[in-house]
Amino acid sequence: MTIENPIFVTSDQIFVLLRHWALSFLPAAWQTIAGVLLSVAAIVCIFPALFALTTVFERKGLGRIQNRLGPNRVGPFGLLQPIADGIKSLTKEDIVPLSADAAVHFLAPVVLVVAVFMGFAVLPMGRNMALVDMDAGLLFYFAMGTSTELAVFMAGWSSRNKYSLLGAMRAVAQMISYEVVLLLSSVTVVMMAGSLSLTKIVEAQNHYSFGFPHWYIFTPWGCAGFVMYAIAATAETNRSPFDLPEGESELVAGYHTEYSGFKFALFFLGEYLAMFSISGLGTTLFLGGWSAPFLFLTWVPSWFWFFSKLMLSIFVFIWLRGTLPRLRQDQLMNFAWKFVLPMCLLNLFVAGIWRFLGDGWLRWMVCSAILIVAYAGMGWGEMRRGKIGPRSYRYAE
Amino acid sequence: MSFVFYMLAALSVTGALAAVLLKNTVHCALALTVAFAGLALLFLDLDAQFAGFAQILVYIGAVAILVVFAILLTKGSETPKDGVFSRTWLVGLVIAAGVFAVLGWAVIGSIRVLPQEKAVPTVTVLQIGNALVGRYVLPLEIVAVLLTAAMVGAVIVAMHEKEGEK
């Protein structure tokens with residue numbers, strides 16, 4: 001399947017080989033721990049660098065969607081803007097309210113960033129490039145994801161500010177609801193791949209037929225699962241259109257109102273890193289991880305495909321933010337519990353049907369039909385209940 | 001009894017002690033979360049991956065948040081005026097010592113009964129899954145019924161509150 005030319009294998013495994021070479025200078029007793037430290041340092045350097053790049057892309061992208069230029073003063077096309085932002089947040093005064101709970105106020109951004117960084121440990125960023133290959137890797141990822149909810153609550157409560165507490169409560173309620181959706185849509189993938197280990201899930205998708213890959217997004221249950229996963233991922237990271245907890249026009253800044261300077265930068269970093277890691281998980285589960293889209297493209301290194309798909313997901317996040325209006329809190333909750341969750345359960349059922357109908361065109365028809373009819377039926381039912389008719393416009397006189 | 005075990009045990013005991021001794025109730029809840037985390041790490045030290053991660057997912061991700069919400073939505077977050085210790089602390093101490101003695105006797109007795117196992121048996125998630133839908137399917141279904149009952153109960157409690165206001 002892959003071209004075994006040594007140049008391509010080397011470029012594919014270049015980071016693994018570099019690591020081996022760096023470790024060969026150390027005595028054998030130190031090699032495991034030094035290897036772990038080296039990989040951790042690589043992750044801690046690469047993803048914040050990507051975060052810096054993403055802030056510029058987001059501001060430029062949002063600017064273009066809103067028919068204006070983004071930042072364009074610092075460096076060519078504004079590309080050095082993150083450096084200016086970094087210097088600003090490092091040198092800003094760190095204001096802590098007098099009545100705030102000092103210990104919890106200090107620990108909240110730390111817990112957030114630590115929990116988010118832990119999620120990167122199980123993502124397979126290339127062939128043989130997962131930091132830890134755990135048997136229950138997916139479960140570890142979700143365990144770390146739920147720890148971020150606690151950090152959000154700590155931030156909101158310790159500020160002794162009504163708006164922060166409101167924002168934190170809303171954020172936690174939203175994150176808990178969409179956590180269920182996230183988990184259920186990942187369970188279909190686990191069912192079909194037969195393992196909780198993320199490297200095995202990617203390897204199960206790394207097959208090609210007629211040049212097309214066997215990614216799970218190209219199956220009916222996988223496509224529905226991916227859409228629901230994307231919705232839940234947007235809600236989990238409090239991104240627009242689910243960003244009411246930190247809505248700039250509603251709640252000042254939600255749970256991070258009372259944070260300034262470096263702690264705010266840590267919250268910002270935590271949010272974007274959570275976006276990266278959840279997009280990374282989404283590409284691993286549904287988009288085939290590090291596998292190439294076509295059989296004739298497998299000579300391109302695997303880590304290139306992983307990061308391209310990651311950046312594509314980030315681009316879609318930015319696009320959604322610039323396009324869709326914000327959802328109200330009760331609309332958000334209704335959507336999660338009354339629409340997305342039943343679709344998720346139906347998707348589980350459809351995945352089971354897919355497995356037991358055997359190969360052939362019949363299972364494509366049956367599964368697609370069930371999902372499309374359910375989606376149209378539920379959507380039609382909800383719209384009729386909410387009495388939503390065709391759009392009407394009011395113009396100023 | 002390695003160094004890692006002692007560190008994790010110290011973490012769990014400190015968290016549990018802090019959860020009882022601190023004055024601010026929300027601080028107590030957060031210290032309890034630290035104790036949960038210590039327990040999860042103990043599970044992971046024993047190579048029980050599924051149990052450890054499920055502990056984090058359920059206890060820290062759901063139970064701790066539930067406890068915190070309960071504290072916030074009632075008046076529990078205010079520091080109690082009468083202090084945190086009850087007046088009948090001696091009786092409580094005697095009962096706690098009795099429970100500890102029974103548990104300690106059971107644990108130490110089991111070390112003598114079980115043979116000294118050298119190799120740690122690795123339990124994969126596959127085996128847990130097979131056991132759940134094979135041998136233990138009845139407890140699984142009973143837990144599902146229990147969860148459904150809990151959800152229905154929560155919805156009913158919330159609904160009655162709304163009707164009560166009208």
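Reader: What should I know about the model before starting?

Author: It is a predicted model, in which local features need pLDDT of at least 70 and side-chain atom pairs count only at pLDDT 80 or more, while totals for chains, interfaces and linings use all residues. Residues are numbered from 1 along each chain as its sequence is written, and chains are lettered from A and ligands numbered from 1 in the order in which they are written.

Reader: Which domains does chain A have?

Author: The assignment, which is automatic or from a database, gives domain 1 (40–91) and domain 2 (95–377). Their C-alpha centres lie 23 Å apart.

Reader: And how many residues does the contact take from each?

Author: Domain 1 of chain A gives 15 residues and domain 2 of chain A gives 16; contact requires C-beta atoms, placed from the backbone, within 7 Å.

Reader: Which residues of helix H8 of chain A are buried?

Author: In H8 (residues 198–205) of chain A, they are A:Leu198, A:Thr199, A:Ile201, A:Val202 and A:Gln205. Buried means that 20 or more other C-beta atoms lie within 10 Å of the residue's own, again placed from the backbone. A helix here is a DSSP run (H or I) of at least four residues, numbered from the N terminus.

Reader: Why are they on the same side?

Author: They cover an arc of only 160 degrees around the axis, which puts them on the same side of H8(A). The arc is taken from the directions from the helix axis to the C-beta atoms.

Reader: New topic: how many residues of chain B are in contact with chain A?

Author: 15 residues of chain B are in contact with 17 residues of chain A. On the chain B side, the largest share, ten residues, comes from H3(B).

Terms used
Two residues are in contact if their C-beta atoms, placed from the backbone, lie within 7 Å. A residue is buried if 20 or more other C-beta atoms lie within 10 Å of its own, exposed if 12 or fewer, and partly exposed in between; C-beta atoms are placed from the backbone. Helices (H or I, at least four residues) and strands (E, at least two) are DSSP runs, numbered from the N terminus.
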